[in-house]
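Welcome! Take a moment to look over the model before reading on. The notes below walk through it piece by piece.

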Amino acid sequence: MSEVLLVDSVLLFLVTVCAVAIIEVRSLYAVAMLSSVYSLLMALVWTNMHSMDVAFTEAAVGGGISTILLIGTLVHTRRDEKPAKRRLHLPALLVTILTGAALIYGTFDMPRFGDPNATIHHYRVPEMMSQTVAAVSGREGKQQPPEGYEAPPRMTPTAAEWAGAIHAIDEAEEALEEAQHSAPKASEGEHHEGAEEHHEGAHKHPTDDFNGHVPNSVTSLLAAYRGFDTMFETTVIFTAGMALIMLLRRRREEGEDDFSQRGATLSGQVILRVMTKMFIPFILVFGFYVITHGEIGPGGGFQGGVILATAFILYALLYGRNALYRIIRPRTLEVLAACGVLLYAGVGVACMLLGGNFLDYAALNAASPGDGEAMGMTLVEYGVGITVCTVMIIIFNQLAELPSNPSRRRAGAKAS
Amino acid sequence: MLDIPLDVQANLPVLIVLTPLLGGVIATFTGRGVLPWLWSTLVTGVTFALTIQMMMTLLASGEPFISYELGNWPKWWGIEYRVDLLNAFILLVVAGIGFITTVYARLSVQDEIPDDRHNVFYAVWILAITGLLGITITGDAFNVYVLLEISSLTVYALIAMGKDRDRRALTASLRYLILGSVGASFILLGIGYLMMVTGTLNMEDMHNQLLRMPDLDTNRTILVAFALLVVGLSLKMALYPLHMWLPKAYTYAPSAVSALLAATATKVGVYMAFRFLFGIFGVGFSFYAMPSHFVLLGMASLGIIFSSLTAIRQTNAKSLLAYSSVGQIGYIVAGFSLANPNGVAGSIVHIFNHAVTKGGMFMALGAIAYRVGGTDMKHLRGLGKRMPLTAGALALGGLGLIGFPLTAGFISKWYLVSGALDAGMWQLAVVVLIGSLFALVYVWKIIEALFFGEPTGRTAEATEAPLSMLIPIWVLIGLSIYFGVDTSFTADVATRAASSLLGGLP
């Protein structure tokens with residue numbers, strides 16, 4: 001039994017226990033906490049599968065903010081689930097078992113986990129990893145690499161080969177740099193240096209090697225290749241915020257302010273107050289770091305946005321929502337949430353206005369398409385971050401918004 | 001005219017989705033009053049114009065499809081928009097119905113939705129249309145799922161907005177949310193399994209990869225992917241017996257929302273089934289290697305008969321029409337599961353015919369709810385005298401549901417029965433006949449209440465519906481009559497789209 005399998009078995013056991021506990025426990029508060037534990041365990045499973053970005057998202061969203069939101073929901077409900085008569089619903093059990101069996105049956109012909117010969121690894125992906133965004137051998141635009149184009153080795157089965165490949169890349173880079181030093185003013189025309197072409201006024205990095213700009217291939221997939229999907233994922237978040245506003249917001253008369261709601265604050269608690277004030281700046285800096293550096297390490301707009309939101313929510317938890325509204329008004333949040341999506345789509349429209357297809361970031365910088373790609377990706381990540389952050393705060397606000405009926409409000413206050 | 005350096009023609013496919021997306025997001029800025037509605041009408045109108053332009057471009061080009069690569073990435077790695085005759089047609093239906101229901105919605109929304117959130121309501125409304133258009137236009141399997149998320153989320157919220165009139169809207173929406181999420185997860189799992197074995201997400205590429213597999217018929221991962229997708233899609237298109245979410249959702253949703261959903265949402269589900277069963281898996285696998293003929297035809301036949309029977313027993317006209325919708329989905333599914341030209345053409349043409357008929361009828365019921373305050377049979381009694389134009393539209397729409405000659409419903413059933421006879425399935429022809437008889441009974445229930453009852457209560461003081469409602473209602477009902485008489489456009493498009501589907505082109 002390999003170590004990976006051992007860790008996975010332990011995690012599977014814990015996840016199962018957690019899932020059963022979530023179903024069985026009647027205290028909804030405990031359910032919220034257990035679901036947080038469940039998400040953290042799943043984050044470990046993803047880590048074990050080497051998908052760091054997924055693990056990061058699961059930890060930030062599942063383990064972090066959705067726990068707060070679930071607890072926020074408790075304001076509207078009771079603390080315990082109503083005791084229900086337990087009957088065995090035979091058809092439901094049968095359907096569940098059948099579905100489970102089908103899912104397991106489906107795994108029999110799947111490629112083994114991590115199998116380098118699986119279709120997914122050799123059908124389209126290797127060519128994708130060597131995509132270029134700029135002119136290669138005089139041909140403009142995004143394209144399949146031409147004949148004889150040597151893609152940098154990315155997936156090699158043995159460690160020795162990996163080491164060799166990395167060494168080769170290092171050598172190639174050194175050679176490139178030397179070549180640049182010796183001939184800073186490269187003349188027009190074709191010349192192949194690792195099949196990369198350089199424009200005048202040489203950039204630090206090769207202009208046409210897209211993957212050279214974004215070391216985290218997950219980010220290049222999400223923000224560039226499938227940037228269109230990500231735009232709609234951002235819209236999903238936006239829609240969720242708008243749907244909650246539509247469904248949960250108290251009826252307001254024109255010009256009514258948002259400060260009408262009272263609620264207990266924890267600002268009398270010295271330890272909490274001091275610790276929160278110390279934490280918030282670090283949370284904010286980390287949030288911006290995660291958004292900006294999604295291209296290098298795990299992270300990006302989604303995770304960073306969620307982290308930023310937790311700073312605001314923490315503040316609101318401690319000082320009450322009125323204090324939060326003094327920093328950022330609900331109307332401002334709504335406008336910002338829309339602006340995030342508009343920024344994302346706006347980058348795409350700018351690409352169209354500059355003559356490219358929608359979201360063809362390369363059009364943003366005609367002189368150096370690779371830099372255009374990097375700029376576009378950074379901008380859309382900020383768009384995602386703004387929308388995610390503000391929508392999370394909106395969701396928190398809407399969940400905490402009590403119905404105007406006074407008896408319900410008292411019941412809610414007791415529950416919180 | 002401003003000189004915008006935007007090449008509309010070259011970017012036409014993406015603009016069809018981008019216009020309502022931006023329009024929907026910007027709609028949150030429109031504040032109160034009539035502005036949100038005006039903006040929405042403008043946005044959906046422009047979108048509709050773009051889909052017309054798309055259809056004309058496609059027909060003029062003579063190409064089998066128009067492809068658009070998003071982000072300019074070669075389609076195998078990025079996302080491709082691919083418009084052929086089939087989805088150009090469905091786009092036209094969705095955008096057209098979206099525009100007409102938006103025009104209709106103003107008074108109905110004013111009446112049923114609190115006035116401090118009209119801007120948000122219309123934003124979500126336009127985003128729902130965006131989602132449906134996005135599902136229809138794309139050539140990428142995962143992009144389908146992302147847009148499905150948008151359309152589902154918005155629709156759950158829109159249905160729940162019926163809560164101010166009837167609290168049961170909330171449970172109806174929750175039920176749809178749970179079942180819809182199960183369906184969407186199945187679809188996602190199916191797409192994931194397919195990607196695992198094919199190594200691609202592009203529909204055409206996926207199809208070719210599947211055909212290249214030597215063990216296509218026996219590969220257990222593919223079999224399970226197929227099963228997951230069929231179940232998930234059946235849930236989304238409300239195929240009997242996975243229709244349980246639909247009747248209550250349509251009944252308690254705000255009137256305008258019911259009209260939009262009944263005319264478009266399940267139809268886009270059927271379109272997804274076309275793309276997955278015919279496009280990705282291919283006719284040979286879906287209908288010959290797999291026992292889909294029997295399963296889908298069986299479910300569709302049961303749906304036609306049982307949901308029509310249930311419709312007869314309803315005392316609320318909206319819920320009657322909702323059950324009738326389940327039956328109509330049965331016809332559509334029966335048509336394409338025959339997998340022959342006439343059957344598939346009947347299915348496609350019925351998507352259009354049922355959309356205009358049911359959309360018009362739900363809007364007429366909305367007008368009644370606006371004037372009388374409800375859509376129970378007791379509210380309808382005697383309305384033929386008080387609101388003759390609305391009642392007349394309802395009655396004509398009802399004839400379309402039965403499949404009366406010279407209505408659009410007749411054309412679809414004609415194709416369907418021909419398809420059944422082509423396939424030697426006379427039993428299906430009998431089912432269609434029985435379904436039409438039941439439809440006659442439930443439509444007669446409405447007609448009897450409208451024209452042969454005595455008005456009481458609020459009904460007695462009701463006046464004819466306002467013109468801003470009557471015009472959209474009669475446009476749709478008029479279309480359902482027009483396309484029952486002159487079938488050249490719909491039938492031609494449907495026949496051509498059917499033959500390209502059966503040819504296996506994704």
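How many helices and how many strands are there in chain A? Chain A has 16 helices and zero strands; helices here are DSSP runs (H or I) of at least four residues and strands are DSSP runs (E) of at least two, both numbered from the N terminus.

Residues are numbered from 1 along each chain as its sequence is written, and chains are lettered from A and ligands numbered from 1 in the order in which they are written.

**Confidence**

The predictor gives the complex an ipTM of 0.93 and a pTM of 0.89. In chain B the average pLDDT (the predictor's confidence in each residue, from 0 to 100) is 91, and 98% of the residues score at least 70. Where pLDDT is low, the predicted coordinates should not be read in detail.

**Inside chain A**

Of the 416 residues of chain A, 34% count as buried. A residue is buried if 20 or more other C-beta atoms lie within 10 Å of its own, exposed if 12 or fewer, and partly exposed in between, with C-beta atoms placed from the backbone. Among the contacts in chain A with a separation of 6 or more, 67% come from residues 24 or more positions apart. Two residues are in contact if their C-beta atoms, placed from the backbone, lie within 7 Å.

The loop between helix H14 (330-353) and helix H15 (369-400) of chain A holds Leu359(A). Leu359(A) has a phi near 65°, a positive value in a residue other than glycine. Leu359(A) counts as buried because it has 30 C-beta neighbours inside 10 Å. Leu364(A) lies in the loop between H14 and H15 of chain A too, and Leu364(A) is buried, with 20 C-beta neighbours inside 10 Å. Leaving aside neighbours within four places in sequence, Leu364(A) is in contact with Ala350(A), Cys351(A), Leu354(A), Gly372(A), Met375(A) and Gly376(A).

**Two helix pairs**

Two packed helices are described by the angle between their axes and the distance between the axes. Axes are lines fitted to C-alpha atoms, for helices over the stretch in contact, and angles run from 0 to 180 degrees between N-to-C directions. Here are two pairs to find in the model.

| Helix pair | Angle | Axis distance |
|---|---|---|
| H2(A) (28-48) and H3(A) (52-73) | about 175° | 8 Å |
| H17(B) (388-402) and H19(B) (426-452) | roughly 170° | within 9 Å |

How are H2(A) and H3(A) oriented, roughly parallel or roughly antiparallel? H2(A) and H3(A) are roughly antiparallel to each other, and so are H17(B) and H19(B). Angles under 35 degrees count as roughly parallel, over 145 as roughly antiparallel, 65 to 115 as roughly perpendicular and the rest as oblique.

The contact of H17(B) with H19(B) divides into 12 nonpolar, two polar and no charged residues. Ala, Val, Leu, Ile, Met, Phe, Trp, Tyr, Cys and Pro count as nonpolar, Asp, Glu, Lys and Arg as charged, and the others, Gly among them, as polar.

**Strands and loops of chain B**

Strand E1 (65-70) of chain B touches chain A, being one of the elements that give two or more residues to that side. Six bridges join E1(B) to E2(B), and the two strands run antiparallel; strands pair if DSSP finds at least two bridges between them. Leu70(B) stands opposite Ile79(B) in E2(B). Six of the six residues of E2(B) (79-84) are buried, so E2(B) is largely enclosed by the rest of the structure. On one side of E2(B) are Ile79(B), Tyr81(B) and Val83(B), on the other Glu80(B), Arg82(B) and Asp84(B), all buried.

A cis peptide bond, with omega about 0°, joins Tyr240(B) and Pro241(B). Pro241(B) sits in the loop between helix H8 (220-237) and helix H9 (246-252) of chain B. Leu406(B), in the loop between H17 (388-402) and H18 (408-422) of chain B, has a positive phi of about 70° although it is not a glycine. Leu406(B) is exposed, with 12 other C-beta atoms within 10 Å.

**Where the chains meet**

In the model, 53 residues of chain B are in contact with 52 residues of chain A. H5(B) gives the largest share of the side of chain B that touches chain A, 10 residues. That side divides into 34 nonpolar, 13 polar and six charged residues.

Notes: Predicted model: local features only at pLDDT ≥ 70, side-chain atom pairs only at ≥ 80, totals over all residues.
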